[in-house]
Amino acid sequence: MMTTPVRSGAGLAACIEDDAIIRVILTEQSAATMKFADWLQETLQRWACGQRAAADRRKLDMIVQAAEAMDYRLSLSVQDIFDIVEDLDTALDAGLLLLRGFDRPVIRVHLVSKGAAR
């Protein structure tokens with residue numbers, strides 16, 4: 001799974017797929033970091049669900065700027081069912097059961113302290 005660094009709100013917007021499931025991965029659990037992660041996840045989930053007004057685009061820019069100000073590095077990795085199951089038809093024939101929404105990509109947003117990344 002490839003991880004893509006994010007350096008701008010536009011870059012962040014370009015990586016969020018429609019109807020994706022967003023998961024924020026933290027390396028530390030401070031109160032400020034967890035509050036920021038909640039805001040990040042909520043904003044990106046709304047973006048993935050189609051809320052893409054100019055104000056929402058500005059929020060993406062603010063997220064990237066806030067991450068920089070907090071000395072964090074943002075990166076994304078995307079995974080979908082085809083990253084896990086090479087031949088879906090064969091897996092289904094062998095008894096794989098799929099839940100509704102199985103085809104939604106999962107986007108993991110990695111929030112890593114620049115100090116910890118060194």
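1. A word on terms before the details: a residue is called buried under 20% relative accessible area, exposed over 50%, and partly exposed in between. E68, with a relative accessible area of 45%, is therefore partly exposed. Please keep in mind that this is a predicted model.

2. On the overall layout, the protein has six helices and four strands, and their order along the sequence is β-α-β-α-α-β-α-α-β-α. Along the principal axes, the C-alpha atoms fill a box of roughly 50 × 35 × 25 Å. Of the 118 residues, 34% are buried.

3. Strand 2 (residues 21-26) runs parallel to strand 4 and is joined to it by six bridges; L26, for instance, has L111 as its bridge partner. Strand 3 (residues 72-79) pairs with strand 4 in the antiparallel sense, over eight bridges, and here Y72 stands opposite S113.

4. The structure holds three salt bridges. One of them brings together the side chains of D18 and R52, at 2.6 Å from N to O. This pair links distant parts of the chain, 34 residues apart: D18 sits in the loop between helix 1 (9-15) and strand 2, and R52 in the loop between helix 2 and helix 3 (54-69). D18 counts as exposed at 55% relative accessibility, while R52 is partly exposed at 35%.

5. Another salt bridge joins the side chains of E68 and K114, at 2.7 Å from N to O. Because E68 lies in helix 3 and K114 in helix 6 (residues 114-117), the pair ties together parts that are 46 residues apart in sequence. K114 is partly exposed, with a relative accessible area of 23%.

6. R46 and E42 also meet through their side chains in a salt bridge (2.7 Å, N to O). Both belong to helix 2, and being four residues apart there, they are separated by about one helical turn. E42 is partly exposed at 48% relative accessibility.

7. Lastly, the surface charge: which residues form the negative patch? They are E86, D87, D89 and D93. E86 is found in the loop between helix 4 (81-84) and helix 5 (88-93), and at 80% relative accessibility E86 counts as exposed.

Terms used:
Residues numbered from 1 in each chain as written. Predicted model: local features only at pLDDT ≥ 70, side-chain atom pairs only at ≥ 80, totals over all residues. Heavy atoms only, no water. Patch = residues over 30% accessible without salt bridge, like charges linked within 9 Å, V, L, I, M, F, W, Y side chains within 5 Å. Areas by Shrake-Rupley, 256 points an atom, 1.4 Å probe, with all protein chains shown as cover. Salt bridge = Lys/Arg side-chain N within 4 Å of Asp/Glu carboxyl O. Lys, Arg positive; Asp, Glu negative; His and termini not counted. Charge placed at Lys NZ, Arg CZ, Asp CG, Glu CD. Helix = DSSP H or I, 4+ residues; strand = E, 2+ residues; numbered from the N terminus. Buried < 20%, exposed > 50% of the residue type's maximum accessible area, 1.4 Å probe, protein only. Pairing = 2+ DSSP bridges.
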